[in-house]
Amino acid sequence: MLANNTDTKFWDKQATNFISWFSKWHTTYSGSWDTGDTKWFAGGKLNASYNCIDRHLLDKSDRIAFMWEGNEANQNINISYQQLHDEVCKLANAMKNMGIKKHDKVCIYLPMIPEAIFSMLACSRIGAIHTVVFAGFSHNALLDRIQASEAKLLITADAYMRGDKYIALKNNVDLALNNHHNSIAKVVVVDQSKYITNHNHNINWITDRDIPYEDFISNQAVTCQPEPMDAEDPLFILYTSGSTGKPKGVVHTTAGYLLQSCMSFNNVFNYTSSDIYFCAADIGWITGHTYIVYGPLANAATSVIFSGMPMYPDETRILQIIDKYRVSIFYTSPTALRMLMSKGDQALSSSSRHSLRLLGSVGEPLNPDVWRWYQHKLGKDNCKIVDTWWQTETGSIMLHPTTDNQLPGSVGKSTDYMPVVLLDDDGNEISGTGTGMLAIAKPWPSQVRTLYNNHQFFMETYLQCYPGYFFSGDKAHRDKNDNLFIIGRMDDVINVSGHRVGSAEIENVLIEHPKIAETAVVATSHNIKGECISAFVKLIDGCKANSELYSKLEQLINEKIGAFARPENIFIVTDLPKTRSGKIMRRILRDLVNNKTEFGDTSTLTNPEIVNDLRSQISR
Ligand code: WTA
């Protein structure tokens, strides 16, 4: 690996430019992908919270770190870098006094409120490892992640509003923790009553476990020495979906992750100190970690963070926010753009958007027609478009077009220091124009180091499929000018509105229903969400489908995963297409729901007649 020294020199230079170190590293890169042992900047000591806050205080303490916009348009809080420092230190001290130590895990289950950012940075300040669970996940999904990460402390909120919907978050926590084996000793609860007009539920309180956030941080000092961390000390674990039923605990480490968060934010968005940046993601996903928290703050940027919904109270909300805060860089998902686009030009006329200069996209393929709408309509032809490709596993943006290479649908070209290649089915590199599996050919600092408590699975999933390459699971096309175009996932991961969900995760939930004999879940293209979920369900002999069954299945998904993973279609069918070895051929189901008429090779099916049967069952 690292065939020549140029890369080492390149990364040395970046690490010097972008990061403040307590002590310098002695070895830039060591390790081997054969064993999955990757080390960057060994010997170096640093602290992520110091890099995101303290180093800016000398001359920028009054600069606004973030402008928080609540669910309602009149809810706003501005937090300066000094205030951010003080809040983070108070919480860090409170955690230390409670006994939380370096390398302990802290679970954060919060909506998009300032305390979510304070919590992440307070963890990194004392060397605790945060694991953020998206607030849209159900109590079962929360419990799974707590059990898997062995977190000791949980930071949550009593409730929050999403649009006009009241979410009783603390109830989910109680359902997750009460009567289930888990490692959580204390639960710190943020009081959201001031933001909720009809705060209508009684919060259940377990006196020796639950602590109000305000009490927790009261009387704590506003200074807290940042813990010097080794470059390779874990910074966080973030659970993401793969092709198995269990979520994968992606482990990121301090120096490499922080370096590339900081560097890519600076380079990809051409960030300058006069920019106002707005990323409309959620901290529960990797985009929120890298491009709401670590990347912008490490650059001393001023960001807008938004805790409401893009379509609430109406479809102009995001556009109003852009005008209100004079946003110059806007980063969002293609689903959000397609939603806005579907509302017609009328929605756009309510705002000027003259502050915008750069528009980013992430999480799903940005189709050329949406790309053009983004540039001409939303950006009024004043903005560059950057469609960025990356993953939870890559930690930061790996591919993006430069501002002088504006090509609808493309994520730009590979670079020498992070070579992205296309492989054929045998694992040979495709040269020139072609379509193949997207893989990364050299280690990079913000790469996932392991899957928590499952290094073997990490090896099998990413490094052993095609030795010498990091396997991404995506398929892409390269044109004659080396521009890359992402086609989509090649595995059983479904990308619903940019949220990753594994087919197997949904199947495992549906199969729990006593009437269900077999099930298979596949992605179906959707004109707004990009992809949605279609579930094929075969009932146990003698069982009948009725409306109650459909709602029960939906309820099961809500409870076990979260509403965002609810299937768009549930097809009750007489059988599923199977190979002689009994494997369900999802490829055929995928083709059926996507209205393909050619099904490729069906000769290995034991029941080839099922294909036509299914077609008529679906159309019914
Ligand atoms: C998809 C999100 C097309 C891809 C940062 C990847 C994209 C998965 C793009 C990772 C893009 C991400 N164009 N597809 N610009 N960016 N993807 O881990 O399939 O939530 O593998 O990270 O999103 O999703 P994840």
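1. The structure holds zero disulfides, a disulfide being a pair of cysteine sulfur atoms within 2.5 Å.

2. On the basis of the note: this is a predicted model, in which local features need pLDDT of at least 70 and side-chain atom pairs count only at pLDDT 80 or more, while totals for chains, interfaces and linings use all residues. Residues are numbered from 1 along each chain as its sequence is written, and side-chain values use heavy atoms, with hydrogens and water left out.

3. Four strands form an open antiparallel sheet in the order E21-E22-E24-E25. The edge strands, each pairing on one side only, are E21 (420-423) and E25. From one strand to the next the twist averages 45°. Strands are DSSP runs of E with at least two residues, numbered from the N terminus; two of them pair if DSSP finds at least two bridges between them.

4. Ile440 stands opposite Phe470 in E24.

5. E24 (residues 470-478) also pairs with E25 (residues 484-489), in the antiparallel sense and over five bridges. Ala476 stands opposite Ile486 in E25. The hairpin of E24 and E25 has five residues between the strands, and Asp482 takes a positive phi near 75° there.

6. Ala523 lies in strand E28 (residues 516-526) and counts as buried, at 11% relative accessibility. Its C-alpha atom is separated by 42 Å from that of Ile64, 459 residues apart along the chain.

7. There are three cavities of 30 Å³ or more. A cavity is a set of points on a 1 Å grid over the protein atoms alone where a 1.4 Å probe fits but cannot get out. Grid points are joined across faces, edges and corners, and a volume is the space filled by probe spheres set on the points.

8. The largest cavity holds about 70 Å³ of space. Its lining residues, which have an atom within 4 Å of a point, include Trp68, Asn71, Tyr160, Gln192 and Ser307. By class the lining has five nonpolar, five polar and no charged residues, where Ala, Val, Leu, Ile, Met, Phe, Trp, Tyr, Cys and Pro count as nonpolar, Asp, Glu, Lys and Arg as charged, and the others, Gly among them, as polar.

Methods:
On a 1 Å grid over the protein atoms alone, a cavity is a set of points where a 1.4 Å probe fits but cannot get out, and a pocket is an open set with protein on both sides within 12 Å along at least five of seven lines; lining residues have an atom within 4 Å of a point. Axes are lines fitted to C-alpha atoms, for helices over the stretch in contact, and angles run from 0 to 180 degrees between N-to-C directions. Buried means under 20% relative accessible area, exposed over 50%, partly exposed in between (1.4 Å probe, protein chains only).
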